[in-house]
Amino acid sequence: MGYVAVKGGTLAIEESLKRIKFERTKQGKVLDVTRIEGGMRGLIDQIMSESSLYDETLAALAIKQAEGSPEEAVFLLRAYRSTLPRKHYSRAVHTREMRVERRISASFKDIPGGQILGASVDYSHRLLDFDLMHETDEDAARWLEAFAGELGSFPEAGRPPELMKVMDYLIEQGLMISPADDNTEPDDVTRRSITFPASRSQKLQVLTRGQTGTVTSLAYAVIRGYGVSHPTVGELRVGRVPVCIDDPLGSGEDAEDSYYIGEIKVTEAEMLMSAAVAKEQGGKELSFEIGYGLCYGQNETKAIAMGILDHSLEQGDSRFPTQDQEFVLYHIDSVESTGFMSHLKLPHYVTFQSKMNDVRKTKTTVTTPKADETEEVKELCK
Amino acid sequence: MQINYNFAFFDESSKREIRRATLKAIAVPGYQVPFASREMPIARGWGTGGLQLTLSLVGLDDIVKVIDQGSDESVNAVSIKKLVQNTTDIRTTDETAKATLIQSRHRVPEIPLRAGQILVLQVPMPEPLRMYEPREAETKKLHAEKEYSGAWLMLFEQIMNYGSMTTGADHPVMVHDRYVMAPSPIPKFDNAKLNSSEALILLGAGREKKIYAVPPYTKVVSLDFEDYPFETESFEDRSCRLCGSTGVFMDELYDDASGTAYFQCNDTSYCLERMNEQSWREGAESR
């Protein structure tokens, strides 16, 4: 009597929810949300980016509740996001004004303002640090004190100057055509669903909300062979940018009247690709084009991958799935892809019964063609 | 930090936006209206389209029924019902006739729906042409131009290959002589119930971000050919083991003990009502 299993759903769900709570707490130790916020910066940044909700504390709570599963944490935050009214749109954020914590260029050694390594695992050796097994809060405090002492021996730098963009240098040198400012009011795919062909703002929004792994894999496909281009990191910067909103009662034209509401940490990647540009009399010359990536938090792989995909989607060669807008943009969202995968676990008794009916019918109605008929058809097809 | 949710989960402007899309869908029967589908507290693919419709429509006087593949007690139906109830505190029921709003996954109830009721169907794949055209930009054009030869060709090829149409559930229908529509994967058996329905039928696809509708008394015809007429699933000579019904959609079940298949109404609340009626009648007769 297999059917009974799907009845009594109410009780089964209640018991299942108890089981999941048991799994989270069975070792008698629960995570403190502030500790998650303090020590899981990488996961928090990834989850804020995929959820497109910038709030470290809520991300930490989601991580706790989801027992660290990124797809589940993103799901929780997205669902919470649905309950929030959208009261304001911010003014455009200018990454030139970024309080830079890290900034590198793979194109030029000596960029104006210099390379700033900042916090990065890039040159760490991936050896498990067994000392961390027994690290205490006191250890951390001691280390911080020593570190502060080290910093104290440097003179106060004052407010760092705005760093020039590597792109500006290329434009100055005539190696890149200065892209015109596009001040079209951006679309918002969370308020009006995406349309095809997608606008640039729709593309960038879907990419920045994309699942980190998916964005990375598809960009990897681009540079490995599906629409080959070998991009160079023109500039990668990580830092904080101010966010302002217009005075709700004002005209919204004067930036001076806007309100500063806080800052967000972002990663920005400007990827350079060489491209042929037509010259007079059928000649061609090479020039640089840009692919743009920007995401919440320090998510460098994702920002670089986003830059590659942005450029790829601008090409639109239908031979490559990675240049097909619908192929890329419809399939990289974490909540959508994981949701549809998990729906396969739902009962499909009715639909399957219907399919079974079809299958049975074909077994009785299909008559195998006689041998000589098949030969005849083959002959005709030649 | 304690957060209380708004009535019916959404903020009011989200509800209004979904209702606007719904009104447009009712005005253009069978046409898929895009809407900015929200992420829900249940997974994409688990009925988020239907749930958004339900939550945007419920008021305090509504009585909600939720069915999943015919069953009110199925885990997902219970889960959705619980969410609606937790965020609205309105009444729920298993009885089709008592409900004002029925959210269903892949079935139209056996008891005929009446005027004033709303049936919300959950839709995984709203695009009937997706099978042969993966691009949304293209299928939009095909609908605009009423260019449906691909849909007919698809059925024709099935007949050539298998001797019959093998669409399973979700056999495409023509709505109001204008739009070819995916009836959501309801079995072919239920297609006829969409035609000239007294109740309003709304279809919501959350992941694919579309809402569409079959307003009351709209003509809905399953696609077929003169020489290969549309055929529903057949349960000929079968009757429900529990209530004895015939002519309803049935689940085929396997009895471990005897090693044989038996049949049972798929619509569990219909089956229960029939059984209750029978025992009441028997009781009355013996008195």
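A crossing of two helices is left-handed if the near helix is turned anticlockwise from the far one by less than a right angle, and right-handed if clockwise. The structure described here is a predicted model, in which local features need pLDDT of at least 70 and side-chain atom pairs count only at pLDDT 80 or more, while totals for chains, interfaces and linings use all residues. Residues are numbered from 1 along each chain as its sequence is written, and chains are lettered from A, with ligands numbered from 1, in the order in which they are written.

In chain A, helix α8 (residues 200–209) and helix α10 (residues 300–315) have axes that come within 10 Å and cross at roughly 150 degrees. Axes are lines fitted to C-alpha atoms, for helices over the stretch in contact, and angles run from 0 to 180 degrees between N-to-C directions. Helices (H or I, at least four residues) and strands (E, at least two) are DSSP runs, numbered from the N terminus. The crossing of α8(A) with α10(A) is right-handed. On the side of α8(A), the contact is made by A:K203, A:L204, A:L207 and A:T208, and on the side of α10(A) by A:M306, A:L309, A:D310 and A:L313. Two residues are in contact if their C-beta atoms, placed from the backbone, lie within 7 Å. By class, the residues of this helix contact comprise 5 nonpolar, 1 polar and 2 charged. In this classification Ala, Val, Leu, Ile, Met, Phe, Trp, Tyr, Cys and Pro count as nonpolar, Asp, Glu, Lys and Arg as charged, and the others, Gly among them, as polar.

The loop between α7 (166–172) and α8 of chain A contains A:P197. This proline is joined to A:F196 by a cis peptide bond, with omega about -5 degrees.

Chain A is assigned domain 1 (8–81), domain 2 (95–120 + 164–338) and domain 3 (349–381); such bounds come from an automatic or database domain assignment. Between domain 1 and domain 2 of chain A, the C-alpha centres are 30 Å apart. Their contact takes 11 residues from domain 1 of chain A and 14 residues from domain 2 of chain A. On the domain 1 side, α3 (41–51) and α5 (70–81) of chain A each supply at least two residues, and the largest share, 5 residues, comes from α3(A). That side of domain 1 of chain A has 4 nonpolar, 3 polar and 4 charged residues. Both α3 and α5 of chain A are also among the elements that cover the buried residues of α12(A). In α12 (residues 334–343) of chain A, the buried residues are A:S334, A:V335, A:E336, A:T338, A:G339 and A:H343. A residue is buried if 20 or more other C-beta atoms lie within 10 Å of its own, exposed if 12 or fewer, and partly exposed in between, with C-beta atoms placed from the backbone.

The largest nonpolar core has 101 residues, and those with the most contacts inside it are A:I47, A:A59, A:L77, A:L309, B:L119, B:I201 and B:L202. A nonpolar core is a set of buried Ala, Val, Leu, Ile, Met, Phe, Trp, Tyr and Cys residues joined through C-beta atoms within 7 Å. Leaving aside residues up to four places away in sequence, A:A59 touches A:I44, A:I47, A:M48 and A:L77. A second, separate core of 9 residues includes B:F235, B:F249, B:C265 and B:C271.

The contact between the chains takes 44 residues from chain A and 54 residues from chain B. On the chain B side, α1 (12–27), α3 (75–88), α4 (136–144) and β11 (250–255) each supply at least two residues, and α3(B) gives the most, with 5 residues. This side of chain B has 20 nonpolar, 18 polar and 16 charged residues.

Chain B is divided into domain 1 (12–125 + 173–221) and domain 2 (250–286), with C-alpha centres 27 Å apart. Here 11 residues of domain 1 of chain B are in contact with 5 residues of domain 2 of chain B.

B:H106 is buried, with 28 other C-beta atoms within 10 Å. B:K209 counts as buried, with 24 C-beta neighbours inside 10 Å.
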